[in-house]
Amino acid sequence: MDITHLPEHSTFELIIDGTRAYVIYEIYDGSLDVRKTLVPPALGGQGIAGKLVKAAYDYAQAQGLKCLATCSYAVKWLERHPEYHGATSSDYVAGSCAVGKHQG
């Protein structure tokens, strides 16, 4: 699986057979915040969401950024991966992903 980073769109994406899965992030206050994770049903059950979130947080660490999560999937991912020393963002609402930009 080849994950593509599109920094100009703050996105990591994976396209399989024309179907796109992606993670959208924001960088602010020295942190990379995974705001939304979307994996269409056609790509479900393959571990794609986890691979995309991991790619985003690996990038964050390589850039010296703290790992934050607003997306409920990313919050759970960080709980399962304490080695990333992540935190839940102040924008987090249980069971959801961010709708808008972080307002700081």
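**Aromatic pairs and their surroundings**

A: In this predicted model, the buried residues of helix α2 are covered by elements that include β4, α1 (48–62), β5 and β6. Those buried residues are S72, A74, V75, W77 and L78, and the helix itself, residues 72–80, lies across β4 (31–38), β5 (66–69) and β6, running at about 130° to β5. These strands belong to an open sheet of 6 strands with mixed pairing, in the order β1-β2-β3-β4-β5-β6, where the edge strands β1 (4–6) and β6 (87–88) each pair on one side only.

Turning to the rings, a search of the whole structure finds 6 aromatic pairs. One of them is formed by F12 and Y25, which are tilted at 45° between the planes and lie 5.7 Å apart, centre to centre. Because F12 lies in strand β2 and Y25 in strand β3, this pair ties together parts that are 13 residues apart in sequence. Both residues, F12 and Y25, are buried, and ring pairs link F12, Y25 and Y59 into a cluster.

Y57 lies in helix α1 and Y84 in the loop between α2 and β6, so here the parts tied together are 27 residues apart in sequence. Y57 is buried, with a relative accessible area of 0%, and Y84 is buried as well, at 9%.

Definitions and conventions. Residues are numbered from 1 along each chain as its sequence is written. This is a predicted model: local features need pLDDT of at least 70, side-chain atom pairs count only at pLDDT 80 or more; totals for chains, interfaces and linings use all residues. Side-chain values use heavy atoms; hydrogens and water are left out. Two strands pair if DSSP finds at least two bridges between them. Helices (H or I, at least four residues) and strands (E, at least two) are DSSP runs, numbered from the N terminus. Contact means heavy atoms within 4.5 Å. Axes are lines fitted to C-alpha atoms, for helices over the stretch in contact, and angles run from 0 to 180 degrees between N-to-C directions. Buried means under 20% relative accessible area, exposed over 50%, partly exposed in between (1.4 Å probe, protein chains only). Rings of Phe, Tyr and Trp (its six-membered ring) pair if their centres lie within 6.5 Å; planes under 30 degrees apart count as stacked, over 60 as edge-to-face and the rest as tilted.
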